[in-house]
Amino acid sequence: MATIALLPIIVTVQMQMQTLTDAESTFLDQLATAAAVLEQRCTGYEANGVGGVQQGAKLLGSADAAMAMIEAYDAAIKAHDAKDYDRSKFRPEVSEAAGKTTNRVLAALRRTPKVACADYGDISVEHGMLRRY
């Protein structure tokens, strides 16, 4: 009986959930990877806000599209952390994809911190998401 009651909710959520384009998926993967490097406090890296927006604009076609993805990612993080967020910017597909990337990168960073910090940090620098200090 409970399953039948939940069916309309599940169908509604699935209908609302869009798929990410390849460009969105790539940019989101880069955002989540850079954020994981910063979260683990890998030495020698800091956020490169301008570079991140430029990379997003290159991939997504405009700075506005890049900022919309950054805002969707921010809403996903806040929702995951049970903090207030702008529900109009939340996209379930962003939350799901970002969670997968974050879990994968954080697992590697915990397993082999020095190697993974260098690998993921350098990749994030190459993409313009982070810079070295």
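In this predicted model, helix 3 (residues 49-60) and helix 4 (residues 63-80) meet with their axes within 7 Å, crossing at roughly 110°. Since angles of 65 to 115 degrees count as roughly perpendicular, helix 3 is therefore roughly perpendicular to helix 4. The pass of helix 3 over helix 4 is a right-handed crossing.

As for who does the touching, helix 3 brings Val53, Gly56, Ala57 and Leu60, while helix 4 brings Ala63, Ala65, Ala66, Met67, Met69 and Ile70. Sorted by type, the residues in this contact come out as nine nonpolar, one polar and no charged.

Leaving aside residues up to four places away in sequence, Asn48 touches Gly128, Met129, Leu130 and Arg131.

Most residues other than glycine have a negative phi, and most peptide bonds are trans. Arg41, though not a glycine, has a positive phi of about 55°. Arg41 belongs to the loop between helix 2 (22-39) and strand 1 (45-47). With a relative accessibility of 72%, Arg41 is classed as exposed. Ala82 is not a glycine either, and its phi is positive too, at about 60°. This residue is part of the loop between helix 4 and helix 5 (92-111). Ala82 also counts as exposed, because its relative accessible area is 73% and the label applies over 50%.

The average pLDDT of the protein chain is 91, and 87% of the residues score at least 70. Residues 9-15 are another story: pLDDT stays under 50 there, and the model gives this stretch zero contacts beyond four places in sequence. Where pLDDT is low, the predicted coordinates should not be read in detail.

Methods: Residues are numbered from 1 along each chain as its sequence is written. This is a predicted model: local features need pLDDT of at least 70, side-chain atom pairs count only at pLDDT 80 or more; totals for chains, interfaces and linings use all residues. Side-chain values use heavy atoms; hydrogens and water are left out. Axes are lines fitted to C-alpha atoms, for helices over the stretch in contact, and angles run from 0 to 180 degrees between N-to-C directions. Helices (H or I, at least four residues) and strands (E, at least two) are DSSP runs, numbered from the N terminus. Angles under 35 degrees count as roughly parallel, over 145 as roughly antiparallel, 65 to 115 as roughly perpendicular and the rest as oblique. A crossing is left-handed if the near helix is turned anticlockwise from the far one by less than a right angle, and right-handed if clockwise. Contact means heavy atoms within 4.5 Å. Ala, Val, Leu, Ile, Met, Phe, Trp, Tyr, Cys and Pro count as nonpolar, Asp, Glu, Lys and Arg as charged, and the others, Gly among them, as polar. Buried means under 20% relative accessible area, exposed over 50%, partly exposed in between (1.4 Å probe, protein chains only). pLDDT is the predictor's confidence in each residue, from 0 to 100.
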